[in-house]
Amino acid sequence: MSTLPCHPRSSVSFYSISSCSIRSKCKKTDSLFNALSVSFFEANKEFFQDCFGHAISEGTLVNHTHAFSSQLHPFLQDVKEKILQSPVVHFDETGMRVENKTQWLHTASTPEVTLQHIHQKRGKEAMDAGEILPSFSGIAIHDGWKSYDAYIDCRHVLCNAHLLRDLQGIIDSTGQKWAQQMQEFLTQALTLKKEYKGSLSKAKQQHLFTVYQSILKEQPVLSAKLKKQRKQTPAQNLWNRFVKYADRILAFLEHPDIPFDNNQAERDIRMTKVKQKCLGLSEVRKAQNLFVKYKLYEYHEKTKTICLTSNRPGYRNRNGSLE
């Protein structure tokens, strides 16, 4: 088997070597289908029977994928270095059901590369395991999950798409004026940034910050005594977030490369969620390790490479034993 290239923009040809045996082609091809497609082992077994005229077992499919993915270590290190050197990185995490338990898929994304791993925890322990945030010193875009604040060497920026959805929830439930005004403000500020192609003057930035502060003053501030006596409402909690994190929310106005939202990370997570839905919850443990263990694919004209890793090696077969 030829050595895998380690450059993220490299592509791997599975059919170009004419001297490859059918067995070698099968190994490469089943690795591709198992890791990159949303089809599963049964469909892949039928494919090989039809195309190659050979029956192939589920265990063989798994072993081929593990063998192929074991060659990706140099590539993974290259991806980590590229992410650490990026000025802006998108971070996100989402729950996935594994053996009837919730585990967490963590992602670190740029427009060029994506690194993902699955962990039993959602917080700092899992983020440390990803080996990005502990050493990252650029701009981290995320949804505001509290564990991100443990990393003080990077600048934190909040996803405004999340905040717009939260504001809409408050508008629907309470109709509070400040929430309506803030929603309109963020939408108009984004439009203004686009009109100026991302470069707003300091004067315009200061004006927008002043408008932002005036909207928050529309909401009465509870005294410390009342805060102790009352349980904070969702609307009050959201208002507090806008007050506390104004610099993180308005950071997108400062530079063309600071995004308004965290859509990059959410898009990169989507493929794994699609894989889970297609397999069904009862099959996730079996296939998820393989899917998140290895994915190297040049999948569109922009040659963006997705590279997925997992700290949960091993394959559990139907009788529960590990192979």
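Buried here means under 20% relative accessible area, exposed over 50%, and partly exposed in between, computed with a 1.4 Å probe on protein chains only. This is a predicted model in which local features need pLDDT of at least 70 and side-chain atom pairs count only at pLDDT 80 or more, while totals for chains, interfaces and linings use all residues. Residues are numbered from 1 along each chain as its sequence is written, and side-chain values use heavy atoms, with hydrogens and water left out.

The structure holds eight salt bridges, a salt bridge being a side-chain nitrogen of Lys or Arg within 4 Å of a carboxyl oxygen of Asp or Glu. Among them are the following pairs.

| Pair | N to O distance |
|---|---|
| Lys80 and Glu131 | 2.5 Å |
| Arg122 and Glu93 | 2.8 Å |
| Asp149 and Arg248 | 2.9 Å |

Lys80 and Glu131 meet through their side chains, and this pair links distant parts of the chain, with Lys80 in helix 4 (residues 73–84) and Glu131 in the loop between helix 5 (124–129) and strand 4 (139–142), 51 residues apart. Helices (H or I, at least four residues) and strands (E, at least two) are DSSP runs, numbered from the N terminus. Lys80 is buried at 14% relative accessibility, whereas Glu131 is partly exposed at 43%.

Glu93 is buried at 6% relative accessibility, and Arg122 is partly exposed at 22%.
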